[in-house]
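Reader: I would like to go through a model feature by feature. Please give the general idea each time, then the case at hand.

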Amino acid sequence: MVEIKQALQIIRSQDVPLDSEVVSLKDSLGRVLAEDLRAGFDLPGFDNSAMDGYALGGLQQEYKLVGEVAAGDLKEIIPKIGEAVRIFTGAKVPQGTSAVIMQEKTEVKNDLLFLDQLPVEGQCIRKKGEELRSGELVFNSSYKITAAGIGMIGSLGLDKVKVFKKPVIRLITTGNELVAPGGSLQGGQIYESNSGAIVAALNSKGFTSAGNEQIKDDFEQIKTGIAEALQNAGVLILSGGISVGNYDFVKQALEENGVDELFYKVKQKPGKPLFFGRKENKFIFALPGNPASSLSCFYIYVLPLLQKLSGLAGNGLLELHLPAASDFQNRGDRPVFLKANIEDNTVRILNAQGSSMIGSMAKGNALAFVEAFEKIEKGSLIKTFLIS
Ligand code: AMP
Ligand code: MG
């Protein structure tokens, strides 16, 4: 049995070889850059107008209007001193322009332009290279591409990016009693709900499952299922059958597949019977079958590894420290991850904390952490991990 800190440290310290691939920019949201990205040219590429208004030759309050340039125009009308050119936002500022004045601060009479006040040199001109110089670093390798990132990379003219590959993830649920939702139950059976929850959690964090399989509590079938899944999976997630019951075959089946144990059992509640192992560069988590335990363990332990395997520096769920909405006493000798809801900037610990109870977790958005025997007073800060 390991402490939570040790378990997380073991996961974080795994050396992982990362592969990259080139993807289309439009498909790159949430992907992680596999190389530094530098500007191929100055941005903006030319001096351009920040306003709809007038490009001014010299700094005065009266000008003669001599023409017009709009965004995208190739023509250049160079204003002499005392001349102004009608200009629009994004249009190339003619050479020799002293400043641009926004149209709201002017008055036009025939071909004469009058300014409310004297302009300042360079005003309302977006200078060539003011955002980025050619060759300047835009994003480091390991940058996670956001919507704005796609905008930025597109403005540099790139339609493809080199990103880290995502891990190939497979899922195996085990249990004689499990029936897929939609089917009908015989006595003693329950619906298999973990795969749906874990696949959804994967998707919500930008990952997908390459295949899910449901296997009976049968040692040989589990062993074969693991062998098959490990042929192409980089990460195998199992649920159920990892505890100490007579029908819990997963641990032995992993051993017989040559999986090295990195830890088994974590001093925590829920999710004590959690297994983490490795075979060459493939990682294996066996999560406890209880629905809330399995999903908590996914968020706390599996997610950080998946992030690491996709090149992210991220460390799992965002950790927040917020005031508790009420008192809470952990009377047990194990630290607990509690189903909780962050609301009005406080953490409300939800009812129905049982490790089989997924409903309360479904109504919350976070997991709150309380040490063994710790008492949390209303209003004191409680460590909380934001799920969504
Ligand atoms: P186990 O870890 O296999 O001992 O299972 C612990 C509890 O979780 C038992 O009550 C199981 O019936 C339940 N359980 C295991 N796997 C699943 C699953 N995939 N979906 C829903 N409940 C499950
Ligand atoms: Mg079972």
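Author: This is a predicted model. Start with the make-up of a pocket lining. The residues lining the largest pocket divide into 13 nonpolar, 19 polar and 9 charged.

Reader: How many residues line the largest pocket, and which lie nearest its centre?

Author: There are 41 lining residues, and P288, G289, N290, S293 and S355 lie nearest the centre. The elements that contribute two or more residues to this lining are strand 13 (169–174), strand 15 (190–191), helix 6 (291–309), strand 22 (328–329) and strand 23 (336–343). Strand 23 gives the most, with 3 residues. The space in this largest pocket comes to about 730 Å³.

Reader: What is the volume of the second largest pocket, and which residues lie nearest its centre?

Author: Its volume is about 450 Å³. The lining has 20 residues, with I4, K5, L8, K383 and F385 nearest the centre. Helix 1 (4–12), helix 6 and strand 27 (381–386) each supply at least two residues of this lining, and helix 1 gives the most, with 4 residues.

Reader: How do the lining residues of the second largest pocket divide into nonpolar, polar and charged?

Author: The division is 11 nonpolar, 2 polar and 7 charged. As for its place, domain 1 and domain 4 both give residues to the lining of the second largest pocket, so this pocket lies between them.

Reader: Now the ligand. Which residues are closest to ligand 1?

Author: Begin with the surrounding residues, then go to atom pairs. Ligand 1 is surrounded by 15 residues, of which E177, E192, S193, G241 and G289 are the closest.

Reader: Which atoms of E177, N194 and G289 lie at what distances from ligand 1?

Author: For E177, a polar side-chain atom lies 2.5 Å from an oxygen atom of the ligand. For G289, a backbone N or O atom lies 2.9 Å from an oxygen atom of ligand 1. For N194, a backbone N or O atom lies 3.3 Å from a nitrogen atom of ligand 1. Taken alone, ligand 1 exposes 480 Å², and the protein buries 77% of that.

Reader: What should I look for in the backbone?

Author: Most peptide bonds are trans, and most residues other than glycine have a negative phi. Departures from either pattern can be listed one by one.

Reader: Which peptide bond is cis with omega near -5 degrees, and where does its proline lie?

Author: One is the bond from L43 to P44, with omega near -5 degrees. P44 lies in the loop between strand 2 (37–38) and strand 3 (48–49). A cis peptide bond also joins K269 and P270, with omega about -5 degrees. P270 is in the loop between strand 18 (260–264) and strand 19 (275–279).

Reader: What is the phi of D344, and where does D344 lie?

Author: Phi of D344 is near 45 degrees, a positive value in a residue other than glycine. D344 sits in the loop between strand 23 and strand 24 (346–349).

Note on methods. Residues are numbered from 1 along each chain as its sequence is written. Chains are lettered from A and ligands numbered from 1 in the order in which they are written. This is a predicted model: local features need pLDDT of at least 70, side-chain atom pairs count only at pLDDT 80 or more; totals for chains, interfaces and linings use all residues. Side-chain values use heavy atoms; hydrogens and water are left out. On a 1 Å grid over the protein atoms alone, a cavity is a set of points where a 1.4 Å probe fits but cannot get out, and a pocket is an open set with protein on both sides within 12 Å along at least five of seven lines; lining residues have an atom within 4 Å of a point. Grid points are joined across faces, edges and corners, and a volume is the space filled by probe spheres set on the points. Ala, Val, Leu, Ile, Met, Phe, Trp, Tyr, Cys and Pro count as nonpolar, Asp, Glu, Lys and Arg as charged, and the others, Gly among them, as polar. Domain bounds come from an automatic or database domain assignment. A residue is near a molecule or strand if one of its heavy atoms lies within 4 Å of it. A polar contact is a pair of N or O atoms within 3.5 Å; within protein, one must be able to donate a hydrogen and the other to accept it, and residues adjacent in sequence count only if both atoms are side-chain atoms. Accessible areas come from the Shrake-Rupley method with a 1.4 Å probe; for residues, only the protein chains shown count as cover.
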